[in-house]
Amino acid sequence: MTMNNLATAYLDEARRSFRGHKRLAEGAIAQVSDDQLFHQLDPEANSIAIVMKHIAGNQRSRFTDFLTTDGEKPDRDRDDEFEMPEHASREEMLRWWAEGWAITLASIEALTPEDLDRRVSIRGEAFLVPEALSRSATHTAYHVGQIVYVARHLASPNWKSLSIPKGQSAKFATGAFKTKGIAPGSPDDPR
């Protein structure tokens, strides 16, 4: 495999991964009520709404002018991302969410194999583009897991699995994870 093919494969995987995280979170968010978006499992826990706000703020900061400006933008107030004194509407939260994801996905889609040798700055620290993407994907996956966990808890017993349902692994022995990011026949399979 040539270096260019390897770089292309890496970028394809990064795009697939980010789109998959977005799809998982949105599948979970759709299964809870507006009030449940603000439910905290304990006083120190973050609600789904807070995690959505944080992911959107982080993505806006990290991926706006991704290759040319520091990933920690001067106008970002990270601490405010973890506060929500007044409940925003679902529509407003989904707007924040969509804006963060649009910036993120557009920035990643625009990357070329040649960009993988470039460095970006996050809080003044230099990262190779693959390091910054991996760091962001890990951070996003962590918080998407929180969203899914809380939503599953709140939506139970009406929860609809976002992947292979319990006890049905044999039905999904072969998959389309690499090409589509989903298991064939799973609730997200468009076929």
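Tutor: Let's start with a charged pair: the side chains of Glu109 and Arg15 form a salt bridge, 3.7 Å from N to O. The term means a side-chain nitrogen of Lys or Arg within 4 Å of a carboxyl oxygen of Asp or Glu.

Student: Where do Glu109 and Arg15 sit in the chain?
Tutor: Glu109 is in helix α3 and Arg15 is in helix α1. They are 94 residues apart, so the bridge links distant parts of the chain. Helices here are DSSP runs of H or I with at least four residues, strands are runs of E with at least two, and both are numbered from the N terminus.

Student: What kind of model is this, and how are residues numbered?
Tutor: It is a predicted model: local features need pLDDT of at least 70, side-chain atom pairs count only at pLDDT 80 or more, and totals for chains, interfaces and linings use all residues. Residues are numbered from 1 along each chain as its sequence is written, and side-chain values use heavy atoms, with hydrogens and water left out.

Student: Back to that pair. Is Arg15 buried or exposed?
Tutor: Arg15 is buried, at 11% relative accessible area. Glu109 is partly exposed, at 43%. Buried means under 20%, exposed means over 50%, and partly exposed is in between, using a 1.4 Å probe and protein chains only.

Student: How many salt bridges does the count come to?
Tutor: The count is 15. One of them joins Glu92 and Arg95, with the closest N and O atoms 3.9 Å apart. These two are three residues apart in helix α3, so about one helical turn separates them. Glu92 is partly exposed at 31%, and Arg95 is partly exposed at 40%. Elsewhere, salt bridges with shared partners join Arg62, Glu72, Arg76, Glu81 and Arg123 into one network.

Student: Which atoms are 2.7 Å apart in the Arg76 and Glu81 bridge?
Tutor: The closest N and O atoms are. Both Arg76 and Glu81 are buried.

Student: New topic. Which residues have the most contacts inside the largest nonpolar core?
Tutor: Leu37, Ile48, Leu133 and Ile147, in a core of 43 residues. Such a core is a set of buried Ala, Val, Leu, Ile, Met, Phe, Trp, Tyr and Cys residues joined through side-chain atoms within 4.5 Å.

Student: Which elements give two or more residues to this core?
Tutor: They are α1, α2 (48-63), α3 (90-110), β1 (119-122) and α4 (129-155). The largest share, 11 residues, comes from α4.

Student: What is Ile147 in contact with?
Tutor: Leaving aside neighbours within four places in sequence, Ile147 contacts Ala25, Ala28, Ile29, Ile48, Val51, Met52, Ile55 and Trp97. Contact means heavy atoms within 4.5 Å.

Student: And the rings? How many aromatic pairs are there?
Tutor: There are four. Phe63 and Phe66 are stacked, because their ring centres are 5.1 Å apart and their planes are at 25°. Rings of Phe, Tyr and Trp (its six-membered ring) pair if their centres lie within 6.5 Å; planes under 30 degrees apart are stacked, over 60 edge-to-face, the rest tilted. Phe63 and Phe66 are both buried. Ring pairs also link Phe18, Phe63, Phe66, Trp97 and Trp101 into a cluster.

Student: Last one. Where is Ser47 found?
Tutor: Ser47 is in the loop between α1 and α2. At 4% relative accessibility, Ser47 is buried.
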